[in-house]
Structure formats: structure tokens, C-alpha cells
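Here is a set of exercises to work through with the model open beside you. Try each task before you read its solution.

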Amino acid sequence: MRKGIVLVVDDEVEIRDGLEALLTSEGFDVELAATGEAGLQAIEERPFDLVLLDVSLPDRNGLDMLPEIRRRDPQLSVILITAYGSIDMARAAFKNGVQDYITKPWSNDELVSQVSLAVEGRRLREENLHLKRALKQRYNFPNIVGKSEKMLAVLDLVTQVAPSRTTVLISGESGTGKEVIAKAIHAASTRADKAFIPINTGSIPADLLESQLFGHVKGAFTSAIASKKGLFEAADQGTIFFDEISTISPETQAKLLRVIQEREFMRLGSTETIKVDVRILAASNEDLRKLVSDGRFREDLFHRLNVIPVHLPPLRHRKEDIPLLIDRFLVHFCKDNAKPHRQFTAGALKQMMDYEWPGNVRELENAVERAVVLSTQEAMDADLLPESVRTREIVKGVRLQLAEFLPPLPGEISTRGDIGAPSLFEILEEVEKRILTDMLERTNWNQTEAAERFQIPLSTLNQKIKRLGIETRRRGASTRSALSYGHDPVEFSAGK
């Protein structure tokens, strides 16, 4: 099965033939064009997943062709081919929707990676449109995006339980979207036209929570100058959603159990029983079973809540949903900030796919919003991502290569031959050298930019470069750092 169809537009026959041989060997179908007009004609005649477009063509300027390419195929991915020295021009082309750029000469591995991501980006944009239509037809949950098996299983379960009045317990890590699922259950139920009232029990002091839930009569406590209805009365005939249910006090747990069992309660300070018909949904990012065994949560209440358990997987376990979520957030935040369409470059998308997202969907949403707000052009590079996402690749590379330096434990075979084990100072010095070299490679050996990214003074960076003996001459475009790719490590010498 071919990976995609790539159109190469370049006037140099060696480059055209070289790219054709490389990409064909990697599983792509390739078509060639020697002029801008020939390239535009090819786009008219057949669909492509990607155009590799040279900036300097004999009949047309590649940058001037971008609006015409967009008119012919708005979703077509474009990567510019540019000589070193015209990178600023290539970056300016991002405003016209260019996904990425490559410079001459290039690393074949990097080029194939960029092409693969750009082709995949095109497919994901189309797939997202189809998926939205399919999800709407199958589930009618317009605010939920996902194609992973785990999320589809969740949606199947939600579809089954929504029409009933059964209590549902939604579990999952913080940021996985528990309230979104709760709203979806309510929206698909027979109570959809009634109130949906969410309450974060962890954000309300224990002494105020009961008054919020059950209401009070005048004089029930010092500041109760008038009677007040509680949230259960407000949610009558509708749904009440308890977020962070694990935080409620034992006394409130007992009263909540009574509401579930008897469908009645009393306001604070009153002896009058009030009947309600409320569906209860609850969520927790803690293991309620463990809290029960620890004596911190009532076992009878747990069983009443856990009639239908729904578990939301963390984002790191459904990474195939990340591009779809990114697309959804881009549309929302571009509209919210009155900005034209934005998209991430292939490099930025790769870093987002590699990141573990400990804050789950909420962290991803915040990262996309940040990038959109700070962006000044259509294509958004990795420098607009939060530092935690940008630096993970370096940290991962260091972690993967530490074994190269560490002395073997008793019974282990050393991979360093007869070379003596390095001292801790030497290990730390080499790791620091690799991190600095990696960042210099990323910034094309621009020391000012590297210092800004490290958030250190330029003078401090210069001192480290001299101390560590880092060669600061301009490296070739094909040079790759071991930290960036996790292989081909620079040999470490303990005797330097």
C-alpha cells in the first residue's frame, strides 16, 4: 500500500530525480514537474497529498504560486524547498499555508520525516471532517472527538446508559474530559430539556457544601437571613453532576446516600421533607475503591454511585485522537480570537505527538490556545508550544543515553570495553555539552536565540561553550545531534 502521492516541482533535474528515487523507496507515489505552470497543471488533473515546491523556478516564483495552489486545493499540504539564506522568505510563506520548509542540502531522514508528517496531516484534516459527520450520525455527541477504540467504547456505553435514570460514576485522570462525558449523558437523556447542574465539591468548603446542595431555612445558622433553595431543588427533573465526589465529608456522604435511596432530603434547619426527581452523575480522579478500603469513603454510597462505571482513558493511551483534538481546538480558538486559520508545522505536530500530556486533553487544549494567541502567521512552529512540550525531546534523549555513561552494576557487562567508568562530574559535563550542542543545532548556531530559549544570559552561554570546548563553527544542514534523535551518540571519552 502506497503512503501517499507527492508532487515535486523543481527545475533541477538532479534534485527531481533524487527526490523521486528517495520517496519512491519509502513507499510514496511521486510525480515530477520542472516548472511552476507544469506543477499547477498537474494539480488540476489529479489529487495530491503533498507538493514539494522549489522557491526559485524559471517561470514562476514558488511563493507567488501558493495562493493559486490554495484555490485549486485548499487542503493540499505544501513544503517549500529553499536554499540557505532564503529561510526568512520561507518562513514568510507560512502566512499562505505552507506546512514546512527544507533547506539545501538536507538530511534524507529529516526530509522523509517531514514528508510523512505533512501527508499524514492532509489525511487527518480530511478524516476529521468525515469523523465528525460519522460521530454525529452514530452518537449525536458534537462536542466529543475521538476515533480510538477506547473512546469509541466509551461512547457506545454512554449511548446505552444515557436514556435511563441510572446513576453513573465517571473515573479518569484530571483533564480527561469527565464533565464533557457527563454533559453528553444528560444531553442524550430524556432530561435533556431540564437543568444540568455541575458542582465541584472540591472547591467548596465542607461547612458550605451542605447548604449549597440542600438549601436552608431562615435562621438555620448565623448568616441565614432568608430561606434558600439548594441545588437539588434547582435540578429537580434534571441532572446534577458531582465532580471530585471523593472530597465530600462523611456527614454529607450520608445525606447524599439518602437522596439516592429515598429521593428526598431536608433543608438545613428544617424538619420538612422535600421530594425530588434528580439523576445523579459523579466523577472522581481518585480510586474510590481504595478510599473505601482506607475508610475515607462510605462503601454503601460507593456501590450506589458505581451502578454504571465509565472510565476515561488518559490521552497518552489514545494518541491517535491527538491530531483530531488539535484540529477541533484550532477551529475554536481561531474563531474565539478572531484570527484566520492556523495550523501546526510538521515539526511541531511531531513534538505534540511524542509528548505524554500528563494534564491530558485540558493540557493539550491550553497548549493549542497558547499557540493561537501568540501566533502571527498561519503555520505555527514548535517555538509557540509550552516549554514542557518543547524540552521533552531533549530530556528523553538524555534519559535514553545515560546508560552509555553509567558504570555497570555487579554482574552486568560493561559496554565500554576497557575504558574506565567516568566520574559523576564527567557524566554531568558530557550531558550538559550534548544539551547545549543540541540547542545550537536547533537554532542554526544562533547563540543569542539559544540563550533566550535556555532563559540564560548570552554571556553565561558563551562561558559554557568555551568551558565545554564546543565547536561553534556553522555546521552542515545534514548534521544531526544524538539527543534529537536518540541514536548515533557521540562517543564519550572519560579521559578528556
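**Exercise 1. Find which backbone oxygen lies 2.5 Å from a polar atom of the side chain of Thr-201, then describe the surroundings of Thr-201.**

Step 1: The backbone oxygen belongs to Glu-244. A polar contact here is a pair of N or O atoms within 3.5 Å; within protein, one must be able to donate a hydrogen and the other to accept it, and residues adjacent in sequence count only if both atoms are side-chain atoms.

Step 2: Look for a partner on the side-chain level too: Thr-201 and Thr-247 have side chains joined by a polar contact of 2.9 Å.

Step 3: Thr-201 sits in the loop between strand 7 and helix 8. Helices (H or I, at least four residues) and strands (E, at least two) are DSSP runs, numbered from the N terminus.

Step 4: Thr-201 is buried, with a relative accessible area of 3%. Buried means under 20% relative accessible area, exposed over 50% and partly exposed in between, using a 1.4 Å probe and protein chains only.

Step 5: Leaving out residues up to four places away in sequence, Thr-201 touches Leu-209, Phe-242 and Ile-248, among others. Contact means heavy atoms within 4.5 Å.

A quick note on what you're looking at: this is a predicted model, where local features need pLDDT of at least 70 and side-chain atom pairs count only at pLDDT 80 or more, while totals for chains, interfaces and linings use all residues. Residues are numbered from 1 along each chain as its sequence is written, and side-chain values use heavy atoms, with hydrogens and water left out.

**Exercise 2. Which residues have the most contacts inside the largest nonpolar core?**

Step 1: A nonpolar core is a set of buried Ala, Val, Leu, Ile, Met, Phe, Trp, Tyr and Cys residues joined through side-chain atoms within 4.5 Å. In soluble globular proteins, nonpolar side chains tend to be buried together.

Step 2: The largest core has 31 residues, and those with the most contacts inside it are Leu-213, Phe-232, Ile-240, Phe-242, Ile-245, Leu-256 and Phe-297.

Step 3: Elements giving two or more residues to this core include strand 7 (196-200), strand 8 (239-243) and helix 10 (250-262). Helix 10 supplies the largest share, four residues.

Step 4: Zoom in on Leu-256. Not counting residues up to four places away in sequence, its contacts include Phe-232, Phe-242 and Ile-245.

Step 5: There is also a second, separate core of 27 residues, which includes Ile-322, Ile-326, Leu-349 and Val-389.

**Exercise 3. Stacked or tilted? Sort the pairs Phe-196 with Phe-241 and Phe-329 with Phe-333.**

Step 1: Rings of Phe, Tyr and Trp (its six-membered ring) pair if their centres lie within 6.5 Å; planes under 30 degrees apart count as stacked, over 60 as edge-to-face and the rest as tilted. The count by this rule is seven aromatic pairs.

Step 2: Phe-196 and Phe-241 are stacked, at 6.3 Å centre to centre with 20° between the planes. Phe-196 is in strand 7 and Phe-241 in strand 8, 45 residues apart, and both are buried.

Step 3: Phe-329 and Phe-333 have ring centres 6.5 Å apart and planes at 45°, so this pair is tilted. They are four residues apart in helix 13 (residues 322-336), which puts about one helical turn between them.

**Exercise 4. Which strands pair with strand 3 (residues 50-54), and which of its residues are buried?**

Step 1: Two strands pair if DSSP finds at least two bridges between them. Strand 1 and strand 3 are parallel and share four bridges, with Leu-7 opposite Val-51.

Step 2: Strand 3 also runs parallel to strand 4 (residues 77-83), joined by five bridges. Here Leu-53 has Leu-80 as its bridge partner.

Step 3: From strand 3 the chain passes through helix 3 (residues 62-72) to strand 4 in a right-handed β-α-β crossover. Right-handed means that, with the strands pointing away from the viewer, the path from the first strand over the helix to the second runs clockwise.

Step 4: In a regular strand the side chains alternate between the two faces of the sheet. Leu-50, Leu-52 and Asp-54 are buried on one side of strand 3, and Val-51 and Leu-53 on the other. Five of its five residues are buried, so strand 3 is largely enclosed by the rest of the structure.
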